[in-house]
Amino acid sequence: MNDNLQCEIPPVVDKLRCTGCGRCVAACSSRLITLEVDGFRKHARLSAPERCSCCLACIDACPVGALRCD
Ligand code: SF4
Ligand code: SF4
């Protein structure tokens with residue numbers, strides 16, 4: 001795998017932007033992302049960031065840009 005295509009830190013979820021669509025959950029082959037209920041909303045949560053390989057698949061899958069690693 002090309003390291004240039006990886007991020008350096010695990011992605012962070014922008015809870016206000018996240019619609020809870022679940023695409024990032026499906027995209028993470030390591031199954032690190034879950035949907036968490038927060039009041040009347042759902043949002044993605046990275047459950048074990050230390051296991052994240054920073055592959056960017058979840059960021060690519062998000063239709064609203066709610067995942068960032070910067
Ligand atoms: S960057 Fe890759 S390994 Fe890390 S949470 Fe996203 S899809 Fe999973
Ligand atoms: S793909 Fe984006 S909008 Fe959908 S649950 Fe994941 S972070 Fe939220």
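## The shell around ligand 1

The shell around ligand 1 is made of 13 nonpolar residues, two polar ones and no charged ones; here Ala, Val, Leu, Ile, Met, Phe, Trp, Tyr, Cys and Pro count as nonpolar, Asp, Glu, Lys and Arg as charged, and the others, Gly among them, as polar. That shell has 15 residues, with C28, C52, C55, A57 and C58 the closest. A residue is near a molecule or strand if its C-beta atom, placed from the backbone, lies within 6 Å of it.

A word on the model: it is predicted, so local features need pLDDT of at least 70 and side-chain atom pairs count only at pLDDT 80 or more, while totals for chains, interfaces and linings use all residues. Residues are numbered from 1 along each chain as its sequence is written, and chains are lettered from A and ligands numbered from 1 in the order in which they are written.

## The shell around ligand 2

Now to the other ligand. Ligand 2 has 15 residues around it, and C18, C21, R23, C24 and C62 come nearest. By class, this shell holds ten nonpolar residues, four polar and one charged. At least two of its residues come from α1 (23-27), and at least two from β3.

## Overall fold

The protein has two helices and four strands, in the order β-α-β-β-α-β along the sequence. Helices (H or I, at least four residues) and strands (E, at least two) are DSSP runs, numbered from the N terminus.

For 70 residues, a compact globule would have a radius of gyration near 11 Å, and the protein agrees with its 11 Å; the radius is taken over C-alpha atoms, and the globule rule is 2.2 Å times the number of residues to the power 0.38. Along the principal axes, the C-alpha atoms fill a box of roughly 40 × 20 × 20 Å.

## The core and L32

Of the 70 residues, 16% are buried. Buried calls for 20 or more other C-beta atoms within 10 Å of a residue's own, exposed for 12 or fewer, and partly exposed lies in between, with C-beta atoms placed from the backbone. The largest nonpolar core has ten residues, including C18, C24, C28, L32, C58 and C62. Such a core is a set of buried Ala, Val, Leu, Ile, Met, Phe, Trp, Tyr and Cys residues joined through C-beta atoms within 7 Å.

Beyond residues up to four places away in sequence, L32 touches L46, S47, A48, R51 and C52. Contact means that the C-beta atoms of two residues, placed from the backbone, lie within 7 Å.

Strands β2 (residues 33-38) and β3 (residues 41-46) run antiparallel and are joined by six bridges; pairing requires at least two bridges found by DSSP. L35 sits opposite A44 in β3. Two residues separate the strands of this hairpin, and G39 in the turn has a positive phi of about 70°.

Most residues other than glycine have a negative phi. R31, which is not a glycine, has a positive phi of about 55°. It is found in the loop between α1 and β2 and counts as exposed because it has 11 C-beta neighbours inside 10 Å.

L56 also has a positive phi, near 75°, and lies in the loop between β3 and α2 (57-61). With 15 other C-beta atoms within 10 Å, L56 is partly exposed.

R68 belongs to strand β4 (residues 67-68). Its C-alpha atom is 6.7 Å from that of V13, 55 residues apart along the chain. Beyond neighbours within four places in sequence, R68 is in contact with P11, V12 and D14.
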